[in-house]
Amino acid sequence: MEQSKQDTRTKADYRKVTVKTSDGSTIQGKINIASNQRVSDILTKSETPFIVMVDVSYRDGVGKTLFVNKRHILWVEPEDREESQQDIC
């Protein structure tokens with residue numbers, strides 16, 4: 001029974017992103033996405049109103065966890081990955 005539970009889980013992948021919010025804040029941190037998802041999928045396909053960011057650098061704090069309302073996000077910039085750049089070339 002426990003083996004089948006492990007098979008149905010999706011592997012998580014943390015991606016570093018920079019988020020700009022409507023109040024002018026810039027937040028840097030990581031978001032957890034499934035291995036078969038893109039960062040844009042979290043913003044457009046997920047029905048949850050918030051994204052969860054971990055290991056966040058924001059204001060005077062480092063290593064925080066923030067819940068950011070997607071309605072207040074102006075843009076999100078994923079950090080480039082070396083393997084993604086190699087695939088393009």
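# Briefing: surface patch, strand pairing and salt bridges

F50, V52 and F67 together make a nonpolar surface patch of about 300 Å². The model you are looking at is predicted, and its elements run α-β-β-α-β-β-β-α from the N terminus on. Here is a quick tour, starting with the overall picture and ending with the charged pairs.

**Overall picture**

- The secondary structure comes to 3 helices and 5 strands.
- The protein has 89 residues, and 26% of them are buried.
- Its accessible surface comes to about 6,900 Å², with 47% of that belonging to carbon and sulfur atoms.
- If we take the contacts between residues at least 6 apart in sequence, 46% of them join residues at least 24 apart.

**The nonpolar patch**

- F67, one of the residues making the patch, lies in strand β4, which spans residues 61–69.
- F67 counts as exposed because its relative accessibility is 58%, and the cut-off for that class is over 50%.

**Around V54 in strand β3**

- V54 belongs to strand β3, residues 50–58, and counts as partly exposed at 22% relative accessibility.
- Beyond its neighbours within four places in sequence, V54 is in contact with Y14, G29, K30, K64 and T65.
- I31 is 23 residues from V54 along the chain, yet the C-alpha atoms of the two are separated by 6.4 Å.

- The structure holds 3 salt bridges, and one of them pairs D55 with K30, with the closest N and O atoms 3.6 Å apart.
- D55 lies in strand β3 and K30 in strand β2 (residues 26–34), so this pair ties together parts that are 25 residues apart in sequence.
- Both partners are partly exposed: D55 has a relative accessible area of 41%, and K30 has a relative accessibility of 25%.
- K30 is also one of the residues in contact with V54.

- Side chains of opposite charge can pair when their charged atoms come close.
- R38, D41 and K45 are linked in a network of salt bridges.
- D41 pairs with R38, the closest N and O atoms being 3.3 Å apart, and D41 also meets K45 at 3.6 Å, N to O.
- D41 counts as buried because its relative accessibility is 8%, and the buried class covers values under 20%.
- Its two partners are exposed: R38 has a relative accessible area of 52%, while K45 has a relative accessibility of 60%.

Methods:
Residues numbered from 1 in each chain as written. Predicted model: local features only at pLDDT ≥ 70, side-chain atom pairs only at ≥ 80, totals over all residues. Heavy atoms only, no water. Patch = residues over 30% accessible without salt bridge, like charges linked within 9 Å, V, L, I, M, F, W, Y side chains within 5 Å. Areas by Shrake-Rupley, 256 points an atom, 1.4 Å probe, with all protein chains shown as cover. Salt bridge = Lys/Arg side-chain N within 4 Å of Asp/Glu carboxyl O. Helix = DSSP H or I, 4+ residues; strand = E, 2+ residues; numbered from the N terminus. Buried < 20%, exposed > 50% of the residue type's maximum accessible area, 1.4 Å probe, protein only. Contact = heavy atoms within 4.5 Å.
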